[in-house]
Amino acid sequence: MQKCKTFTLSQAMQIYTGKSLVRTVIFYTVKGIIGYFFVILVLLLLDVISGNFYVYGEFFNESVSNILLGVELSVMLFMFQRTYEKEDSGGKFFRSVTGGFSTYQKMKTGILFSEILIIALVSGIFFAASAIFPFMPGTGACLTICVIHLFDVGVMNFISIIPKREIKYFLWMIFPVLLDAGSVVLIAIAEEKIGLFQMITAIFAIILIPLSQKIMLNHYQKNYWNT
Amino acid sequence: MNHVIEIKGLTKNYKDFTLGEISAEIPCGFSTALIGANGAGKTTLIDILCGVTAKSTGETIYFEEMTDIGESRLRNRIGYCSSMNFFPADCTLKEVEISMELGFDNFDKEKFSKLCQRFKLEVPTGKKRKKLSKFSDGNKMRTYLAAVLARDTELLVLDEPASSLDPLARDILCDMFREYLSERDGERSIIFSTHNIADMENVTDYAIFMANGKIIERGFIEELKQKYILVHGDAENFQKAKPFMMSFSGNRTSFEGIALAEHAGMLKRFDTAIELPTLQQLSIGILRKAENNAEV
Amino acid sequence: MKIYQNSNEPIYQQIAAQFREQILTGKLKAGDTLPSIRGLAQDLKISVITTMKAYEELSSEGLVTASKGKGYYVNAQNEQMLKEQHMRQLEKNLSDAIYSARIAGMGLEEVEQTLETLWNIDEI
């Protein structure tokens with residue numbers, strides 16, 4: 001098959017979303033960090049107003065920060081879950097653009113790399129900063145939350161295979177939340193064993209990401225691309 | 001006569017609808033209208049021709065030499081747009097411009113700007129920030145048309161381009177069709193679908209009528225206007241005229257319908273008025289006949 | 001060029017008739033080119049098929065010839081042919097006049113008188 005143009009991952013992403021890969025990563029990384037501090041600020045204000053240091057006093061522990069970080073990353077992941085089916089707005093345009101399914105594939109892979117990079121960057125920045133700044137998650141927690149969300153990337157891919165739209169969207173929302181809650185609890189109660197947990201999750205994530213991507217793309221091409 | 005598209009034995013099977021078998025030749029250098037009721041299969045046929053939907057069987061030859069609609073070279077030669085939700089709803093005009101420029105080889109940004117102006121799209125100077133979801137249906141359609149017309153293509157394939165446009169915009173569209181064809185006289189063609197041919201009648205050169213997934217009539221408009229006649233008569237002569245009519249509608253005072261021109265002689269004997277049909281009246285007659293046949 | 005969209009006369013015939021008149025009365029001379037098929041269709045807002053058909057009819061009557069790349073141009077009409085065309089038109093008009101006369105109950109003499117009067121007015 002002759003091609004006039006082969007798109008890079010970034011160009012494919014631009015066709016679908018209007019933003020290049022780099023711009024997407026920077027945008028969501030900055031958004032995640034700012035979002036985190038925004039919520040912290042609100043909580044602090046509430047404390048000051050109530051005069052009580054409720055959050056940052058007796059009950060403050062790293063759990064709040066951990067939850068917040070987890071939530072920011074989960075929300076980001078959710079925002080990236082779009083399938084561009086034929087009946088969705090844009091569906092027909094994307095199916096008529098040059099490159100067809102290979103452009104879709106490249107876009108999806110670009111999104112995958114974006115997700116991984118954002119998770120790594122945000123966690124990494126918090127990891128580095130947690131030694132210096134207050135109101136941050138612990139260094140260990142940053143690592144845990146990072147691998148949990150990398151694992152989540154693969155899971156979100158699998159969820160997108162589910163045919164019923166309502167179930168799909170529900171799981172996309174609920175699953176990261178469950179994972180976050182679970183991981184925060186785990187961090188709180190199993191500090192010593194946390195290293196092992198991080199390693200196992202990381203290994204699963206490394207296997208799951210490419211596998212889920214391949215399966216998801218094959219499934220999509222067969223059932224949703226040209227039907 | 002060159003054919004811009006040749007369709008052979010095309011079918012598409014869905015659970016509750018079958019398209020096909022379709023065989024047709026679209027003449028090159030002219031504007032072809034696909035006329036049919038909703039659900040006749042026009043959109044399915046257009047989507048298959050443009051690679052948006054996969055066919056079940058059949059072969060299609062484009063520009064007398066290319067057969068693979070997945071090929072980028074062919075996709076660049078064809079300008080396709082649908083009538084609803086063509087671009088993502090959260091897109092702005094600027095993002096439409098970016099996507100089109102990347103997605104195709106022959107998109108002209110300046111021409112796109114000019115076409116947006118001609119279609120009176122609300123473009124805040126230079127910013128183009130408003131999302132498509134906030135546009136009216138008519139403005140969305142104008143955006144899609146501006147985007148596809150800003151490309152240097154050899155064939156336009158448009159699914160119901162006039163349906164959401166007001167009469168003035170339709171007139172502008174007709175002018176744009178004519179300009180498109182005359183810029184490369186004889187080398188460019190247009191295929192568009194419609195369920196209301198009245199507005200597009202004066203840019204139609206060739207018509208294909210569809211019903212229930214099949215083609216039921218086709219021809220150049222002058223040939224069709226010679227093949228069929230429009231018949232008016234009094235109610236009392238209706239029963240006598242009926243056997244010679246292809247389709248008709250009647251009430252207590254009069255009846256009207258379409259018949260084959262060869263029956264004009266017979267029909268005149270029943271005190272009827274014989275006239276040239278417009279494409280609109282022809283469509284009503286042909287589609288009504290197909291509906292009656294389907295019910296039988 | 002005037003065409004009636006909703007008349008019973010096919011548009012291509014209306015166009016052909018108007019060009020035919022222009023050629024036979026000498027308004028369009030030998031060698032003049034007719035408007036392009038697409039240009040005329042664009043201006044009149046009709047299908048290009050219609051203008052094609054009008055020109056084909058004129059071509060089959062020998063009034064115009066198609067030249068590749070240049071469009072249609074008017075043929076040299078010989079005097080005899082022009083005269084014959086006008087004669088035929090005269091006969092048609094006279095037939096119509098006779099028909100009207102019969103309906104009105106006018107006799108041949110009365111008709112001749114009217115003809116003379118009108119002829120003289122025309123000369124002035």
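Reader: How much area is buried between domain 1 and domain 2 of chain B?
Author: In this predicted model, about 1200 Å² is buried between domain 1 of chain B and domain 2 of chain B. Carbon and sulfur atoms give 66% of that area.

Reader: OK, and which residues of domain 1 of chain B lose the most area to domain 2 of chain B?
Author: Phe209(B), Glu217(B) and Ile221(B). Together they make up 41% of what the domain 1 side buries.

Reader: Remind me, where do the two domains of chain B run?
Author: The domain assignment puts domain 1 at 3-221 and domain 2 at 224-295. Their C-alpha centres lie 33 Å apart.

Reader: How many residues are in contact on each side?
Author: On the domain 1 side of chain B there are 19, and they are in contact with twelve residues of domain 2 of chain B.

Reader: Now the electrostatics. How many salt bridges are there between domain 1 and domain 2 of chain B?
Author: The count is one salt bridge. As for a salt bridge in chain B, the side chains of Glu217(B) and Lys227(B) meet in one, at 2.8 Å from N to O. Glu217(B) is also among the residues of domain 1 of chain B that lose the most area to domain 2 of chain B.

Reader: And how many residue pairs are in polar contact there?
Author: Eight residue pairs between domain 1 and domain 2 of chain B, with both residues at pLDDT 80 or more.

Reader: Which elements give two or more residues to the domain 1 side of chain B?
Author: Strand 3 (31-36), strand 8 (206-211) and strand 9 (214-220) of chain B do. The largest share comes from strand 9 of chain B, with five residues.

Reader: Switching topic: where does Lys15(B) lie?
Author: In chain B, Lys15(B) is in the loop between strand 1 (3-13) and strand 2 (18-27).

Reader: Buried or exposed, and why?
Author: Lys15(B) counts as exposed because its relative accessibility is 87%, and the cut-off for exposed is over 50%.

Reader: How far is Lys15(B) from Gln281(B)?
Author: Their C-alpha atoms are separated by 33 Å, and the two residues are 266 apart along the chain.

Reader: Last one, the whole assembly. Which chains share the most contacts?
Author: Chains A and B do, out of two pairs of chains in contact. Chain A and chain C have no contact joining them, and their closest C-alpha atoms lie 30 Å apart.

Key: Residues are numbered from 1 along each chain as its sequence is written. Chains are lettered from A and ligands numbered from 1 in the order in which they are written. This is a predicted model: local features need pLDDT of at least 70, side-chain atom pairs count only at pLDDT 80 or more; totals for chains, interfaces and linings use all residues. Side-chain values use heavy atoms; hydrogens and water are left out. Helices (H or I, at least four residues) and strands (E, at least two) are DSSP runs, numbered from the N terminus. Buried means under 20% relative accessible area, exposed over 50%, partly exposed in between (1.4 Å probe, protein chains only). Contact means heavy atoms within 4.5 Å. Domain bounds come from an automatic or database domain assignment. Buried area is the accessible area (1.4 Å probe) that two parts lose on being put together, summed over both. A salt bridge is a side-chain nitrogen of Lys or Arg within 4 Å of a carboxyl oxygen of Asp or Glu. A polar contact is a pair of N or O atoms within 3.5 Å; within protein, one must be able to donate a hydrogen and the other to accept it, and residues adjacent in sequence count only if both atoms are side-chain atoms.
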